[in-house]
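Hi,

Here is the structure I promised to pass on. Please open it alongside this email, and you can follow my notes residue by residue.

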Amino acid sequence: MGFSIFDNKNTMKICDLADNELRGIYDISIKMNIINIFLIAMKDYQSFADLLYDENDIKYQINKTNDFFKNQGVTENFVNLENISNSDINCFENLKKACIKIYDKDEFFKRLFKKDEMALAIIDICRIAKKMVNNA
């Protein structure tokens, strides 16, 4: 995993956004699974950028999230959205749009998704600085 944006402030923000954007979903397990997709993606800047701007559908994001958990030793699929409806998918897409509006005002994640050299360099510098601080 790379440099993380996962902290208490951002976790609360994503939960507030999810509360608003996922109101059209009545199945709590679907809501929780969608929130898990976003929380796991927030553990890495590149993963979050990919979630926000990749055109792949929700099934791709489910597989990506389950792969993360498999790498952590979870043997069963953590996110299971077999019965997802078009309305649920629309809520997922609306949550992505809301996250872009809140988290990507300066379009840094968009540039990171497009592999902009400066954005990638900034992430590398942050990783190095974090290692230096942790090793100090």
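This is a predicted model: local features need pLDDT of at least 70, side-chain atom pairs count only at pLDDT 80 or more; totals for chains, interfaces and linings use all residues.

**The core**

The largest nonpolar core holds 35 residues, and those touching the most other members are Ile-34, Phe-38, Phe-48, Leu-81, Leu-95 and Cys-99. Two or more residues come from each of α1 (8-21), α2 (28-41), α3 (45-53), α4 (58-71), α5 (86-103), α6 (108-113) and α7 (117-135). Of these, α2 gives the largest share, with 7 residues.

Leaving out residues up to four places away in sequence, Ile-34 touches Leu-22, Ile-25, Ile-58, Leu-81, Asp-88, Phe-92 and Leu-95.

Asn-33 also lies in helix α2. Is Asn-33 buried or exposed? Its relative accessibility is 10%, and Asn-33 therefore counts as buried, the cut-off being under 20%. Apart from neighbours within four places in sequence, Asn-33 is in contact with Phe-78, Val-79, Asn-80 and Leu-81.

As you know, a packed pair of helices is described by the angle between the axes and the distance between them.

For α2 and α4, the angle is about 65° and the axes are 10 Å apart. This crossing of α2 and α4 is left-handed. On the α2 side the contact is made by Ile-34, Asn-36, Ile-37 and Ile-40, and on the α4 side by Ile-58, Gln-61, Ile-62, Thr-65, Phe-68 and Phe-69. By class, the contact of α2 with α4 has 7 nonpolar residues, 3 polar and no charged.

For α2 and α5, the angle is about 35°, with 11 Å between the axes. The crossing of α2 and α5 is right-handed. Here α2 brings Ile-30, Ile-34, Ile-37 and Phe-38, while α5 brings Asp-88, Phe-92, Leu-95, Lys-96 and Cys-99. The contact of α2 with α5 divides into 7 nonpolar residues, no polar and 2 charged.

If you colour by contact, you will find Ile-34 in the α2 contact with α4 and again in the α2 contact with α5.

**A covered helix**

Next, have a look at α3. How many of its residues are buried? The count is 9 of 9, so α3 is mostly covered. The buried residues of α3 are Tyr-45, Gln-46, Ser-47, Phe-48, Ala-49, Asp-50, Leu-51, Leu-52 and Tyr-53. They pack against α2, α4, α5, α6 and α7.

**Aromatic residues**

There are 8 aromatic pairs in the structure. One of them joins Tyr-53 and Phe-113 in a tilted arrangement, with 6.3 Å from centre to centre and 35° between the planes. Because Tyr-53 belongs to helix α3 and Phe-113 to helix α6, this pair ties together parts that are 60 residues apart in sequence. Tyr-53 counts as buried at 16% relative accessibility, whereas Phe-113 counts as partly exposed at 25%.

There is also an aromatic cluster, formed by Tyr-45, Phe-48, Tyr-103, Phe-108 and Phe-109.

Tyr-103 has another neighbour worth a click. Not counting residues up to four places away in sequence, Lys-13 touches Ile-102 and Tyr-103. With a relative accessible area of 29%, Lys-13 is partly exposed.

**Backbone points to check**

Most residues other than glycine have a negative phi. Which residues have a positive phi although they are not glycine? Among them are these two:

- Glu-107 has a phi of about 60°. Glu-107 sits in the loop between α5 and α6, and its relative accessible area of 41% makes it partly exposed.
- Lys-115 also has a positive phi of about 60°. Its place is the loop between α6 and α7, and at 46% relative accessibility Lys-115 counts as partly exposed.

That is the tour. Happy to talk any of it through once you have had a look.

Best wishes

Note on methods
Residues are numbered from 1 along each chain as its sequence is written. Side-chain values use heavy atoms; hydrogens and water are left out. A nonpolar core is a set of buried Ala, Val, Leu, Ile, Met, Phe, Trp, Tyr and Cys residues joined through side-chain atoms within 4.5 Å. Buried means under 20% relative accessible area, exposed over 50%, partly exposed in between (1.4 Å probe, protein chains only). Helices (H or I, at least four residues) and strands (E, at least two) are DSSP runs, numbered from the N terminus. Contact means heavy atoms within 4.5 Å. Axes are lines fitted to C-alpha atoms, for helices over the stretch in contact, and angles run from 0 to 180 degrees between N-to-C directions. A crossing is left-handed if the near helix is turned anticlockwise from the far one by less than a right angle, and right-handed if clockwise. Ala, Val, Leu, Ile, Met, Phe, Trp, Tyr, Cys and Pro count as nonpolar, Asp, Glu, Lys and Arg as charged, and the others, Gly among them, as polar. Rings of Phe, Tyr and Trp (its six-membered ring) pair if their centres lie within 6.5 Å; planes under 30 degrees apart count as stacked, over 60 as edge-to-face and the rest as tilted.
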